[in-house]
Amino acid sequence: MKIPKKIESQAAKLRHTINEHNYYYYVVDDPRVPDSEYDLLLRELQDLEAKYPDLVTADSPSQRVGAPPLDAFAKIVHSVPMLSLNNAFNYQEAEDFAKDFANTEFFAELKFDGLAVSLRYEDGLLVSAATRGDGYSGEDVTANAKTIKTIPLKLRGENYPSVLEVRGEVFMPKAYFNKLNQKQAAKGEKIFANPRNAAAGSLRQLKSRVTAQRPLSFFSYAVGVVEGVELPQRHNDILKLLQQWGLPISQDSQLLTGIAGCLKYYESVLKQRQDLAFDIDGVVYKVNDLALQKELGYVSRAPRWAIAHKFPAQEAITQINDIDIQVGRTGALTPVARLNPVEVAGVTVTNATLHNQDEMKRKDVRIGDTVVISRAGDVIPAVMRVILEKRPKKTQEFIFPKQCPVCGSDVIRVAGEAVARCSGGFFCAAQRKQALKHFASRRAMDIDGLGDKLVEQLIDRDLVIKLVDLYRLTVEQLTSLERMGKKSAQNIIAALEKSKSTTLARFIYAIGIREVGESTANTLAQHFTIEALMAATKQELQNIPDIGPIVAQHIVKFFQQSDNINSIEELQTIGINWPKNSNTIINKSLAEEVFVLTGTLSQMTRTEAKTQLENLGAKVTNSVSKKTTCLVAGEKAGSKLTKAQTLGIKIINEADLINLLKSYE
Ligand code: 9MJ
């Protein structure tokens with residue numbers, strides 16, 4: 001079919017516009033249009049291409065959806081071999097690497113934990129993508145790579161080389177990895193052990209339509225063959241050029257001098273590791289000067305001018321001595337493995353979570369098994385997999401209890417939910433303990449001195465059955481407890497008395513409705529009195545911004561239980577109160593502001609800071625853009641700080657933030 005000129009130019013214009021939006025969205029991290037507008041543009045192009053199939057070009061953004069399946073991967077020979085890196089596993093080895101490089105300029109990069117890929121562009125168009133393979137030849141994953149949104153199908157600008165091979169890492173961001181595994185489990189399909197396996201499994205597979213549904217990403221860190229353009233003589237300048245040509249590069253790299261600078265970089269990245277959106281397994285130091293790189297050359301397949309300084313392993317192997325079931329505040333049963341103590345990333349670990357019933361079954365974890373456990377930062381250590389070859393004879397499959405191990409009530413599992421729950425509610429001592437700890441906590445009723453140990457004793461001795469019993473405690477009852485003097489007991493009674501004057505938001509948060517965190521409690525307090533909240537229908541709740549059907553359902557269900565209504569009434573009768581018009585005096589002084597929080601805060605968590613700013617009407621977003629009005633930079637702020645400086649955005653530190661929040665109290 002002949003394509004009218006007008007249609008042809010309309011399609012070309014759409015392709016260009018969409019590619020530009022892709023660049024700003026994926027590479028610069030500064031979207032120029034809302035997602036909905038982007039979707040409309042893509043739909044418009046797809047409609048045109050459906051009508052006129054000859055309009056489809058290799059670089060059309062519509063081509064990211066995936067090609068027909070392949071029978072097997074073809075081989076691609078790397079004309080310049082893809083190198084591996086030598087590793088340094090400790091400071092000594094890193095220093096040994098650098099001993100001949102006093103005052104040398106290094107470019108330090110993150111070491112992404114994905115799989116290495118070489119992209120080949122000819123006259124600006126992506127013509128092939130290959131895995132590293134053995135370094136000399138790899139698998140042709142072109143159709144799959146084309147589905148990765150951060151990989152440009154066409155280079156930007158005019159001055160790119162006629163041939164450009166870009167080397168980098170394909171990886172899966174951590175957040176998507178967890179979601180993917182949930183989806184896989186729901187479909188009864190393969191669960192990936194870690195984001196690297198998920199990235200490899202998603203890229204090295206024959207159905208590119210499947211790859212298209214996997215949220216993979218890419219960072220460039222080296223070049224192979226380059227023809228037609230003389231490249232700069234410094235590695236960091238080459239990366240800058242790659243970015244100008246539309247290729248994504250990490251913003252967390254740094255130019256530094258000597259090994260001392262490198263080791264500082266190592267330490268600072270190690271601290272931020274958990275906050276990164278993707279997994280890394282170390283950092284890489286590269287001599288920045290290409291002439292010096294050439295002089296240094298290679299030993300076997302690794303360059304002498306670079307080294308990967310690896311982080312300590314986050315996995316270890318140990319044995320399971322026992323499996324316990326813990327009962328949480330909402331009755332959720334969590335299986336926990338009691339371990340032979342083992343050191344993981346510098347900390348001795350004795351317990352690891354087994355998550356839930358399905359996970360246990362899937363992994364077939366048994367008492368006596370030798371297992372791989374993983375500990376990432378502050379996250380609770382988890383059992384990753386069983387080493388079946390080491391399973392002792394006569395182990396038995398673990399039978400998940402049908403009755404709550406604490407109170408004996410039936411265990412119930414709602415269809416579609418992974419979590420099994422004790423149906424005992426406040427009757428269950430385990431749930432009571434957790435509910436009470438939450439009620440007393442600092443951001444809830446803030447009862448000073450009522451810590452976890454005390455709560456356990458109060459419940460174990462039946463001194464507190466219902467929440468209101470807390471406020472009926474006497475000094476005599478308290479002094480009868482272990483390690484409780486008269487003065488401490490009096491202090492606790494005073495703290496209880498003080499906690500009675502609170503805010504509606506705190507109270508709603510404190511009563512522990514499922515899925516109602518601090519921020520939701522705040523929203524609810526701004527729209528309802530407690531009486532109105534107790535009577536609200538699911539629809540009324542959903543009419544409020546940020547309240548979705550699931551939260552609404554939990555709220556309605558909570559207030560359908562007469563025990564909960566009685567408990568609230570008793571608490572009010574005993575004197576818990578809040579300014580009755582607190583929901584009408586809303587301070588929206590920061591309504592025009594868009595904040596970004598970055599780095600580590602010492603006085604509060606980022607979530608707390610976010611909630612407090614939002615309560616004053618401010619918007620708090622994750623990435624710095626022109627719309628950002630203020631960046632709060634905590635300790636060790638990284639690329640967001642640099643970006644904010646570049647854009648001339650107001651930057652404040654934690655002390656400034658606290659003063660700002662105080663000024664509105
Ligand atoms: C990774 N995996 O992040 C290199 N790498 O450079 C970085 N790998 C590399 N650089 C030359 N950041 C060969 C391999």
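First, the ground rules. The model is predicted, so local features need pLDDT of at least 70 and side-chain atom pairs count only at pLDDT 80 or more, while totals for chains, interfaces and linings use all residues. Residues are numbered from 1 along each chain as its sequence is written, and side-chain values use heavy atoms, with hydrogens and water left out.

Now the chain. Its domain assignment, automatic or from a database, gives domain 1 (5–63), domain 2 (75–310), domain 3 (315–412), domain 4 (425–573) and domain 5 (594–662). The centres of domain 3 and domain 5, taken over C-alpha atoms, are 38 Å apart.

Next, the ligand. Which residues are around the ligand? They are Leu83, Leu85, Glu109, Leu110, Lys111, Phe112, Glu169, Tyr221, Val284 and Lys286, where a residue counts if one of its heavy atoms lies within 4 Å. By class, 6 are nonpolar and 4 charged, with no polar ones; here Leu, Phe, Tyr and Val are among the nonpolar types, and Glu and Lys among the charged.

Strands are DSSP runs (E, at least two residues), numbered from the N terminus. β3 (105–112) and β10 (280–287) each supply at least two residues of this shell. β3 gives the most, with 4 residues.

Then the polar contacts, meaning pairs of N or O atoms within 3.5 Å. The side chain of Glu109 has an N or O atom 2.8 Å from a nitrogen atom of the ligand. For Glu169, a polar side-chain atom lies 3.4 Å from a ligand nitrogen atom. Phe112 uses a backbone N or O atom, 2.8 Å from an oxygen atom of the ligand. The protein covers 92% of the 350 Å² of accessible area that the ligand has on its own, by the Shrake-Rupley method with a 1.4 Å probe.

Technical notes. A polar contact is a pair of N or O atoms within 3.5 Å; within protein, one must be able to donate a hydrogen and the other to accept it, and residues adjacent in sequence count only if both atoms are side-chain atoms.
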